[in-house]
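Please keep the model open as you read.

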Amino acid sequence: QVQLVESGGGLVQAGGSLRLSCAASGRTFSVYTWFRQAPGKEREFVAAIHWSGGSTYYADSVKGRFTISREIAKNTVYLQMNSLKSEDTAVYSCAATTALRGYRPMDYDYWGQGTQVTVSS
């Protein structure tokens, strides 16, 4: 059974840090991506990593503050979030695909359940 399981969300003060994890089971994917969705807003791209080679991509809004990484032995992807702002408050979801088509939500076949990140100002 293919699963993506996220963990690590929570409540943090502005300026603080959190690390999200996305553990994959059942198979290894080509691309893992973090999306987020704030209340009343559309789901948006945050960061992506290519499993082979480790290339990374970031939304401009998080560049320099967030870091996506992978741990091959654990088939796990991380999102280290530093200097958090209130506007980072959202449900963060991990998504994965076996064949890259893009970085839009519609391009991903597998999704985790999501984890809430709340940044208090």
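## The core

Which residues have the most contacts inside the largest nonpolar core? They are Tyr32, Trp34, Leu79, Met81 and Tyr92, in a core of 34 residues. A nonpolar core here is a set of buried Ala, Val, Leu, Ile, Met, Phe, Trp, Tyr and Cys residues joined through side-chain atoms within 4.5 Å, and buried means under 20% relative accessible area with a 1.4 Å probe, protein chains only. Among the elements that give two or more residues to this core are β4 (31-37), β8 (76-81) and β9.

Take Met81 as an example: beyond its neighbours within four places in sequence, its contacts (heavy atoms within 4.5 Å) include Leu18, Leu20, Phe66, Tyr92 and Val117.

## About the model

This is a predicted model, where local features need pLDDT of at least 70 and side-chain atom pairs pLDDT 80 or more, while totals for chains, interfaces and linings use all residues. Residues are numbered from 1 along each chain as its sequence is written, and side-chain values use heavy atoms, leaving out hydrogens and water.

## The disulfide

Cys22 and Cys94 form a disulfide with sulfur atoms 2.0 Å apart, the cut-off being within 2.5 Å. Cys22 sits in strand β3 (residues 18-25) and Cys94 in strand β9 (residues 90-97), so the link ties together parts 72 residues apart in sequence. Cys22 is buried at 0% relative accessible area, and Cys94 is buried at 0% too.

## The whole chain

The chain has eleven strands and zero helices; these are DSSP runs numbered from the N terminus, with strands (E) of at least two residues and helices (H or I) of at least four. Of its 121 residues, 44% count as buried.

Methods
Buried < 20%, exposed > 50% of the residue type's maximum accessible area, 1.4 Å probe, protein only.
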